[in-house]
Each structure stands twice: as C-alpha cells, then as structure tokens.
Amino acid sequence: MTGSAPSTDLPLSGKVAIVTGTSRGVGVGIAHELLRAGATVIGCSRGELPGLPGAETVEGGAERSRQWVCDQGQIASIEAFVSRVVEEFGRIDILVNNAGGTVPSPSPEAVPELVQKIQGSPRADDEFERSALFHAFAVQMNLISPLWFALRVYREMRNQDGTGSIVNISSGAGHPAGAPTLVSYGAAKSGLDHLTRSLAIEWGPTARVNCLALGPTMTDNFQQFVLGEDSQGATYFKDVPLGRAGTPAEVGRTIVFLCSGQADYINGTTIEMDGGMLPGVLYENGLKAITDLL
C-alpha cells in the first residue's frame, strides 16, 4: 500500500475503502471521515478530477486517497475500476455505495425537459420517451449500479481474510408510505433497502451489508437550490423535529462506526438518519425548488 501510514490507534487503520460519488457533497464528507479514521480511500466520479476533493485538509489524506473515473452505469467501467483498486492496494475492506440521486418532477408521466437536464438522464423530445428514460435512469443509478458495484467488490472480499463491510446510501424517499414527486427514485431506494437485507443474508459472515436512509443533508447544492434565500432553513425544517439538516460529516462518522469493529453485529439493517421527521413532510418543499425554475 502506498502513502503515509496512519496511526494504528485509528479505528480504520490499514483498511481500504471505495466510496462512489465523491466529486462533491455527501460523498466527499464520507470520504473525509474515513480518511480521518485511518482508511485509504479511493473515490470515483464520472468526470476526471485532480484528486479527491479536500483530501489535503485531512492529515495524510492526500497520500492515502485517490480519485478515479468510473461510470457506474457501465459494467465494464466498474470492473476496470475495482480491478485497478485491487492491483494498487491489494484488497478492498469497505464499499460505500453513495453515488445516485435524482430531481423531483411535478408529474411522473410528463417530466419537463429542464428536470431531465438537471438529472442528467438521456435526452428525448417526445414527452413519454423522456419520462420513461428519466425513470429508468433513476432506477439504474440508485439501485442497479449499487448492486453491480456490490457484486464486483464482494468477489474480492470473499477471498480475503476478515469480514468486509458494504454500506449503501438510501433515502427517506424509500419509505413504504410512498414518494410523490420522486416515484422512481423512491422505488429504487426502497429496493436498495431490501437489497441490503437480502445481500446481508447471502454474504454473511464474509461481508456485512448495511444501509443509511438519509433525510435532508446540508450540501452546497442543497443550500443553493433547495433552501435558497431561506439559508438557515427556518421554514423548510419546521417539520423536522431537530430543526435542521444532517451534515455529510455526520453521515461519514456513522459509516466509520459501522465499519470500525465496534458494531459488527449490526447487519442487514437500514438506519434512518432524518432528524426524526415523518415520511413525506418535505416533498412539497423539495418540489418548490424545481417548479420555481420552470
């Protein structure tokens, strides 16, 4: 393994972690907390970056991190990425399936062109085709691609000593109560919760599989596009019992806890990180950020 060795007192010292979706936001926060805990972290994004964003702010972080390109919508890209990690670092102890996301749509059957463009799904002039491709893309990025990554990484974990740890990043939108404005995203995240349980049963004790279902999380994009002028969220968070968003660092520290050896009997579980809010209370607020642009 290359890079400066962290203190052996750190809970993840010597561990090698993959975190998907580390160009910004929650993924970067997760990666930083894993670095602080002593892990070597390999992040990935669809576009090339000079390094893992902000890794130099963590002691030894620049040396113990990489940021490589991976299109998680392509099996061959996942294969090449994981093979490269194993070639350079020899093993994979942790996988965090963070990449995903979507954009609320005012109607599921008539997705506006702007919503499609923001989400990044394939373009189409025909309204039905555009809507179908939008939903297919949401399911691919939020369910199928995490499954592909988990399958490929587990093929390494099963041949290693110790127990691997896979953490999927889900959403409160996956709650059985439903997710209006986020129908395909909610369905995909619900599937991810179920997938977590199923893989935990399939792969124990070689690998543990858990999931975090996030509520509102304070990233730059969330602050700019969702909160806007209500920068402190006084209105937006009035129905969240804790009165605020979570932070990427809090998400990262929860993952460190799950992977640290301090909680190894937690397996197949989805932990809700939503400040105690009831399902559905923020859908109208989230949609407003989009309809204001239309």
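Contact here means heavy atoms within 4.5 Å.

**Entry 1: the whole chain**

I am looking at a predicted model. I began with the secondary structure and found 8 helices and 7 strands in the chain. Next I looked up the radius of gyration, which is 19 Å; the globule rule also gives 19 Å for 294 residues, so the chain is as compact as a globular protein of that length. The C-alpha trace spans about 50 × 40 × 40 Å along its principal axes.

How much of the chain is buried? I noted 49% of the 294 residues. Then I turned to contacts with a separation of 6 or more: residues 24 or more positions apart account for 70% of them.

I also checked the charges. The chain has 21 positive and 31 negative ones, and their mean positions are 4 Å apart.

**Entry 2: the cysteines**

A disulfide is a covalent bond between the sulfur atoms of two cysteines. How many disulfides does the chain have? The count comes to 0, so I wanted to see the distances, remembering that a pair needs its sulfur atoms within 2.5 Å.

I picked Cys 70 to start. The closest cysteine sulfur to its own is in Cys 44, 4.9 Å away, which is too far for a bond. Cys 211 is in no disulfide either, and its nearest cysteine sulfur, that of Cys 259, is 13 Å away.

Are these two buried or exposed? Cys 70 counts as buried because its relative accessibility is 3%. Cys 211 is buried too, with a relative accessible area of 0%.

**Entry 3: Val 19**

I found Val 19 in strand β1, which covers residues 16-20. Its relative accessible area is 0%, so Val 19 is buried. Which residues does Val 19 touch? Not counting residues up to four places away in sequence, I listed Gly 27, Ile 30, Leu 34, Val 41, Ile 42, Gly 43, Cys 44, Val 96 and Asn 98.

**Entry 4: Ser 131**

Last, I went to helix α4, residues 127-157, where Ser 131 lies. Ser 131 has 4% relative accessibility, so I put it down as buried. Leaving aside neighbours within four places in sequence, Ser 131 is in contact with Pro 108, Glu 109, Ala 110 and Val 111.

Technical notes:
Residues are numbered from 1 along each chain as its sequence is written. This is a predicted model: local features need pLDDT of at least 70, side-chain atom pairs count only at pLDDT 80 or more; totals for chains, interfaces and linings use all residues. Side-chain values use heavy atoms; hydrogens and water are left out. Helices (H or I, at least four residues) and strands (E, at least two) are DSSP runs, numbered from the N terminus. The radius of gyration is taken over C-alpha atoms; the globule rule is 2.2 Å times the number of residues to the power 0.38. Buried means under 20% relative accessible area, exposed over 50%, partly exposed in between (1.4 Å probe, protein chains only). Lys and Arg count as positive and Asp and Glu as negative; His and the chain ends are not counted. The place of a charge is taken as NZ of Lys, CZ of Arg, CG of Asp or CD of Glu.
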